[in-house]
Amino acid sequence: MATDITMPKLSDTMTEGRLVSWKKGVGDPVERGDIIAEVETDKATMELEAFASGVLTEQRVKPGELVNVGTVIGVIGGANEARPTEQAAPAPPEQADWQPPSEEPANGAEPEIPERVLELPEASEPPAPLLPGDDTKASPAVRRLAREKGIDLHQVRGSGPEGRILMEDLDQAAANEEAVTEQAGQPSAGESPAPPEAEPMTRMRSAIARVTAESWRTIPHFYETVEIDMKAAGEIVRELKGSGSAVSYNDLVLKAAALALTRFPRMNASFRDGGVVVHREVNIGFAVAMEDGLQVPVVKGCQGLALKEIALQAVRLAERARSGAITQEEISGGTFSVSNLGMYGIDEFAAVIMPPQAAILAVGAVADRPVVRDGHLAVGRTMRATLSCDHRVVDGAYGAQFLGELRRVLENPVLMLV
């Protein structure tokens with residue numbers, strides 16, 4: 001019995017997804033639970049598991065295509081079904097007077113699929129006719145795309161059965177032509193360079209654009225900055241590293257923020273439906289830079305976790321985010337966020353609040369800076385932290401008190417060890 005593989009809804013905000021790659025080919029056996037594809041949602045790239053056993057008989061969506069949630073992207077058939085590639089494929093046109101077949105077979109039956117990847121021609125456009133003398137082997141969809149891209153099919157080497165030209169071959173040919181064009185050199189003097197082309201946005205980039213634009217448009221931000229003496233915190237980092245229980249400055253910030261949030265709970269709140277919801281759990285998200293964006297894994301229940309437990313969870317979640325294995329559950333439910341650019345040498349910056357949270361803490365580099373002690377100029381090891389607040393939830397004085405508590409804990413890090 002055939003089972004449809006549909007584009008799943010992997011997040012509350014997901015309406016469409018992009019197929020990144022197939023992990024199983026047509027004709028491959030599939031066991032329930034096998035990873036059969038990767039899909040890119042609006043927040044992450046995730047693996048798609050099979051919910052039935054059998055044989056992958058169809059791939060209806062090609063890698064790179066964006067489809068709506070619920071769209072059938074493939075089919076798993078019974079284990080005894082023949083592979084499509086083993087079925088009798090229609091003979092390719094060899095004669096010069098061959099004419100393309102009509103779109104609707106006379107008996108009304110579904111047309112056979114000549115290739116291992118199903119290519120659906122657009123109903124509004126007839127298949128490209130075979131030109132006189134054109135003996136290349138390709139489907140109407142491939143011919144149409146080649147015509148649109150200006151690619152001569154005689155110059156394309158087909159990797160399909162009996163040398164048929166597939167969509168992948170066309171993509172590769174287009175990529176080769178683009179590379180040759182780039183190597184052709186700079187435009188000659190007096191020749192205008194080609195206008196820049198818009199780069200298509202990934203799902204992650206699109207999600208970042210939507211969330212930050214919504215935040216900037218709907219949340220009235222204000223900012224407060226403090227400079228924190230990190231000398232004692234640095235000694236804690238060195239001592240714990242030497243004892244085999246390494247923690248980072250970022251782990252200290254997460255723990256200190258958790259302690260401060262328990263004393264100032266309105267910083268751990270959300271503006272929702274015209275009211276303020278104060279969360280009981282302290283779930284702190286921390287930004288992890290990715291190649292094409294960022295993820296914000298969430299350490300949950302921070303109010304009850306020891307410093308070492310927070311450090312272990314932060315390392316595990318960051319590794320899962322960078323490997324693309326992070327789940328929707330692990331990036332959901334944050335009530336407060338921390339963004340740290342200290343490792344990039346940034347002294348201070350202001351971060352955009354992640355709705356519906358009420359605040360985010362932006363952390364800069366720990367560095368030697370001039371300080372005044374007892375009326376004398378000296379060199380101190382300091383860090384600047386900037387708090388972005390939703391003015392609908394908290395006011396400046398409340399935010400300042402929160403920052404004061406954060407500074408008190410970080411300057412007395414033994415408070416995080418008890």
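In what follows, a residue counts as buried under 20% relative accessible area, as exposed over 50%, and as partly exposed in between. The structure is a predicted model, and the exercises below treat its features in turn.

**Exercise 1. Classify D347 and R369 by accessibility, and state how the two residues are joined.**

Solution. 
Step 1. The relative accessibility of D347 is 37%, a value between the two cut-offs, so D347 is partly exposed.
Step 2. For R369 the value is 6%, so this residue is buried.
Step 3. A salt bridge joins D347 to R369, with 3.0 Å between the closest N and O atoms.
Step 4. D347 belongs to the loop between β16 and β17 (359-363), and R369 to strand β18 (residues 367-373); the pair thus links distant parts of the chain, 22 residues apart.

**Exercise 2. Determine how many salt bridges the whole structure holds, and describe the one between E38 and K23.**

Solution. 
Step 1. A search of the whole structure gives 14 salt bridges.
Step 2. In one of them, the side chains of E38 and K23 meet at 4.0 Å, N to O.
Step 3. E38 is part of strand β4 (residues 35-40), while K23 sits in the loop between β2 (16-22) and β3 (29-30), so the pair ties together parts that are 15 residues apart in sequence.
Step 4. K23 has a relative accessibility of 45% and is therefore partly exposed.

**Exercise 3. Describe the salt bridge between E330 and R320, and decide whether each residue is buried, partly exposed or exposed.**

Solution. 
Step 1. The closest N and O atoms of E330 and R320 are 3.0 Å apart, and the two residues form a salt bridge.
Step 2. E330 lies in the loop between α6 and β16 (336-340), and R320 lies in helix α6; the two are ten residues apart, and the pair links distant parts of the chain.
Step 3. With a relative accessible area of 14%, E330 is buried.
Step 4. R320, at 26% relative accessibility, is partly exposed.

**Exercise 4. Characterise the packing of helix α5 against helix α6.**

Solution. 
Step 1. Two packed helices are described by the angle and the distance between their axes.
Step 2. Helix α5 covers residues 249-263 and helix α6 covers residues 307-323; their axes come within 9 Å and cross at roughly 120 degrees.
Step 3. The handedness of the crossing of α5 and α6 is right-handed.
Step 4. On the α5 side, D251, L252, L254 and K255 make the contact; on the α6 side, L307, I310, A311 and A314 do.
Step 5. Sorted by class, the contact of α5 with α6 has six nonpolar residues, two charged residues and no polar ones.

**Exercise 5. Locate A174 and identify its contacts beyond neighbours within four places in sequence.**

Solution. 
Step 1. A174 is found in helix α2 (residues 167-183).
Step 2. Once neighbours within four places in sequence are set aside, A174 is in contact with K149 and I151.
Step 3. The C-alpha atoms of A174 and G150 are 9.2 Å apart, and these residues are 24 residues apart in sequence.

**Exercise 6. Examine the backbone at P356, D273 and D374.**

Solution. 
Step 1. Most residues other than glycine have a negative phi, and most peptide bonds are trans.
Step 2. The peptide bond from P355 to P356 is cis, with omega near 5 degrees; P356 lies in the loop between β16 and β17.
Step 3. D273 is not a glycine, yet its phi is positive, at about 55 degrees. This residue is in the loop between β10 (269-272) and β11 (275-278) and, at 79% relative accessibility, is exposed.
Step 4. D374 likewise is not a glycine and has a positive phi of about 55 degrees. D374 is placed in the loop between β18 and β19 (376-390), and its 77% relative accessibility makes it exposed.

**Exercise 7. Summarise the chain as a whole.**

Solution. 
Step 1. The chain has seven helices and 19 strands.
Step 2. Of its 418 residues, 41% are buried.
Step 3. Considering contacts in the chain between residues at least 6 apart in sequence, 61% join residues at least 24 apart.

Notes
Residues numbered from 1 in each chain as written. Predicted model: local features only at pLDDT ≥ 70, side-chain atom pairs only at ≥ 80, totals over all residues. Heavy atoms only, no water. Axes fitted to C-alpha atoms, helices over the stretch in contact; angles between N-to-C directions. Left-handed = near helix turned anticlockwise from the far one by under 90°. Contact = heavy atoms within 4.5 Å. Nonpolar A, V, L, I, M, F, W, Y, C, P; charged D, E, K, R; others polar. Buried < 20%, exposed > 50% of the residue type's maximum accessible area, 1.4 Å probe, protein only.
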